[in-house]
Amino acid sequence: MLNELINRYPVLEQCREDIKNATNTVIDCYENGGKLLLCGNGGSCADCDHIVGELMKGFLKQRPLGEQQKSDMKGRCALADDELLNKLQGGLPAIALPSITALNSAFCNDVDPELIYAQPLMSLAKEKDVLIAISTSGNSKNVFGAVKVAKALGIKVIGLTGKTGGKLKTAADICICAPETETYKIQELHLPIYHCICASVEEHFFKI
């Protein structure tokens with residue numbers, strides 16, 4: 001997947017090792033029973049939802065449930081028939097923090113808008129989880145607030161940002177700096193980067 005990405009987007013050659021390391025970090029997270037938590041604003045907020053969608057259902061594969069899993073589910077619930085189970089797909093847990101709108105709006109209004117992603121992270125993060133922080137500037141205050149909490153909790157951080165990297169470049173454990181400076185151009189590169197990561201993670205966990 002990574003070689004194909006670089007072939008299609010040669011400008012990302014300089015990001016090769018960071019993309020590889022980010023992919024391995026996500027795989028390790030899931031291997032150890034963790035989940036992904038994601039945050040970003042505007043187009044990066046939409047990217048969070050996009051990534052969640054690629055991970056929690058089939059992306060390039062159908063991900064049918066295994067026969068043992070279906071049998072176990074039938075054993076627990078007689079209503080779980082083949083029609084239901086044959087349509088369900090294997091998923092990898094991921095939560096887009098911006099999608100928790102009631103909590104976020106309340107915390108923004110009642111406490112501090114710069115901590116709207118830090119608070120749900122504080123509530124949801126567990127050992128072995130990973131935060132994906134997306135900011136084209138690398139300096140978004142609410143995203144960086146979540147990064148600080150993640151580091152304080154011992155949660156690994158993958159940054160997805162632009163050429164300069166901003167504060168995210170030095171704070172994240174792994175930072176993928178798309179080599180552009182204009183927001184829309186950075187976002188144009190973020191999409192194939194996270195598609196590559198999602199496809200590689202899916203390939204690792206779903207062999208069928």
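**View 1. Leu 37 faces Leu 131 across a pair of strands.** Leu 37 sits opposite Leu 131 of strand E3. Strand E1 (residues 36–39) and E3 run parallel and are joined by four bridges; strands count as paired if DSSP finds at least two bridges between them. Helices (H or I, at least four residues) and strands (E, at least two) are DSSP runs, numbered from the N terminus. This is a predicted model, where local features need pLDDT of at least 70, side-chain atom pairs count only at pLDDT 80 or more, and totals for chains, interfaces and linings use all residues. Residues are numbered from 1 along each chain as its sequence is written, and side-chain values use heavy atoms, with hydrogens and water left out.

**View 2. Leu 131 also has a partner in E4.** Here the bridge partner of Leu 131 is Val 157. Five bridges link E3 with strand E4 (residues 156–161), and these two run parallel. To get from E3 to E4, the chain passes through helix H8 (residues 141–153), a right-handed β-α-β crossover (clockwise from the first strand over the helix to the second, with the strands pointing away from the viewer).

**View 3. Strand E3 is covered on both faces.** In a regular strand, side chains alternate between the two sheet faces. Val 130, Ile 132 and Ile 134 lie on one side of E3, Leu 131 and Ala 133 on the other, and all are buried (under 20% relative accessible area, 1.4 Å probe, protein chains only). Because five of the five residues of E3 (residues 130–134) are buried, the strand is largely enclosed by the rest of the structure.

Conventions. Buried means under 20% relative accessible area, exposed over 50%, partly exposed in between (1.4 Å probe, protein chains only).
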